[in-house]
Amino acid sequence: MRKKFFRLLRNLVIFFFASSILAVVAYRFIPVYLTPLMIIRTIGQVVDGESVKLEHHWVPKEKISSHLPMAVIASEDNRFASHHGFDFVEINKAIKENKTRKKARGASTISQQTAKNVFLWPSSSWIRKGFEVYFTVLIELVWGKERIMEVYLNSIEMGDGIYGAEAVAREHFQTTASKLTKGQCALIAASLPNPHKFNSGKPSSYMFKRQKKIMYLMRCVPVFPPKE
């Protein structure tokens, strides 16, 4: 029985690593049309008796406004272009600040958020964090920064039942992702900490303040993708 157990465990470990690496390699080239979060949110809508809403339209990075990656970098991850998946400067800051804060703040990078969105579930735990680290390392190695940003902008939740740049552009601004203005991109970025609370299509005074700050920071962070 003991030998069977360890044989089964070995096979499961081999299967996990083989399938996860294969999935990461595949998503380097093919669009991500569905994520675990989309499935979980949809199931939640059905359970709660709500009408199902899932707006998601994959578009290549060339059809996304150049202002949007700059806005999310300015808002979410200033050192995205230079770190290797983990921003240890922000991690150290968060550790120090959380000693005195009532509500702990995170220090997840865009790479980590992308790994979580595409491969994992949303609820936080040490187990999920461990998988998140593993997938973050993989996508940094296999995808590179531009692909990570492309997948992030296409898969991140940007409102109730709204996922990605094209969907939020249509739903909140009646336009396409390629035509989003700098101000609209800053509003979208301002909503990302909690897209269920903050609506980029109906911004509050707080969001306008965040928009103004993000637009200022967009002038300070390095241009992404870097110009050759």
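In which sense do β2 and strand β3 pair, and over how many bridges? In this predicted model, β2 and β3 (residues 162-163) run antiparallel to one another and are joined over 2 bridges.

- β2 and β3 belong to an open sheet of 3 strands, arranged in the order β1-β3-β2 with mixed pairing.
- At the edges sit β1 (55-56) and β2 (157-159), each of which pairs on one side only.
- Glutamate 157 has tyrosine 163 in β3 as its bridge partner.

**Aromatic pairs**
- There are 14 aromatic pairs in the structure.
- One of them joins tyrosine 27 and phenylalanine 119: the ring centres are 6.0 Å apart and the planes meet at 55°, so this pair counts as tilted.
- Because tyrosine 27 is in helix α1 (residues 2-27) and phenylalanine 119 is in helix α5 (residues 110-119), the pair ties together parts 92 residues apart in sequence.
- The two partners fall on either side of the 20% cut-off for burial: tyrosine 27, with 21% relative accessibility, counts as partly exposed, while phenylalanine 119, with 17%, counts as buried.
- Both residues belong to a cluster linked by ring pairs, which also takes in Phe16, Phe17, Trp121, Phe131, Tyr134, Phe135 and Trp143.

**Charges over rings**
- Arginine 28 lies over the face of phenylalanine 29, 5.5 Å from the ring centre.
- Lysine 145 is placed over the face of phenylalanine 80, at 4.6 Å from the ring centre.

**Helix α5 and its surroundings**
- Of the 10 residues of α5, 9 are buried, so this helix is largely enclosed by the rest of the structure.
- The buried residues are Ile110, Ser111, Gln112, Gln113, Thr114, Ala115, Asn117, Val118 and Phe119.
- These buried residues pack against α1, α2 (36-47), α3 (67-76), α6 (126-142) and α7 (145-155).

**Where α3 meets α7**
- The axes of α3 and α7 are 11 Å apart, and the helices pack at an angle of about 90°.
- That angle makes α3 roughly perpendicular to α7.
- On the α3 side, the residues in contact are Leu68, Pro69, Val72, Ile73 and Glu76; on the α7 side, they are Met149, Tyr152 and Leu153.
- Both helices also take part in the surroundings of α5, whose buried residues pack against α3 and α7 among others.

Methods. Residues are numbered from 1 along each chain as its sequence is written. This is a predicted model: local features need pLDDT of at least 70, side-chain atom pairs count only at pLDDT 80 or more; totals for chains, interfaces and linings use all residues. Side-chain values use heavy atoms; hydrogens and water are left out. Rings of Phe, Tyr and Trp (its six-membered ring) pair if their centres lie within 6.5 Å; planes under 30 degrees apart count as stacked, over 60 as edge-to-face and the rest as tilted. Helices (H or I, at least four residues) and strands (E, at least two) are DSSP runs, numbered from the N terminus. Buried means under 20% relative accessible area, exposed over 50%, partly exposed in between (1.4 Å probe, protein chains only). A charge sits over a ring if NZ of Lys or CZ of Arg is within 6 Å of the ring centre and within 35 degrees of the ring normal. Contact means heavy atoms within 4.5 Å. Two strands pair if DSSP finds at least two bridges between them. Axes are lines fitted to C-alpha atoms, for helices over the stretch in contact, and angles run from 0 to 180 degrees between N-to-C directions. Angles under 35 degrees count as roughly parallel, over 145 as roughly antiparallel, 65 to 115 as roughly perpendicular and the rest as oblique.
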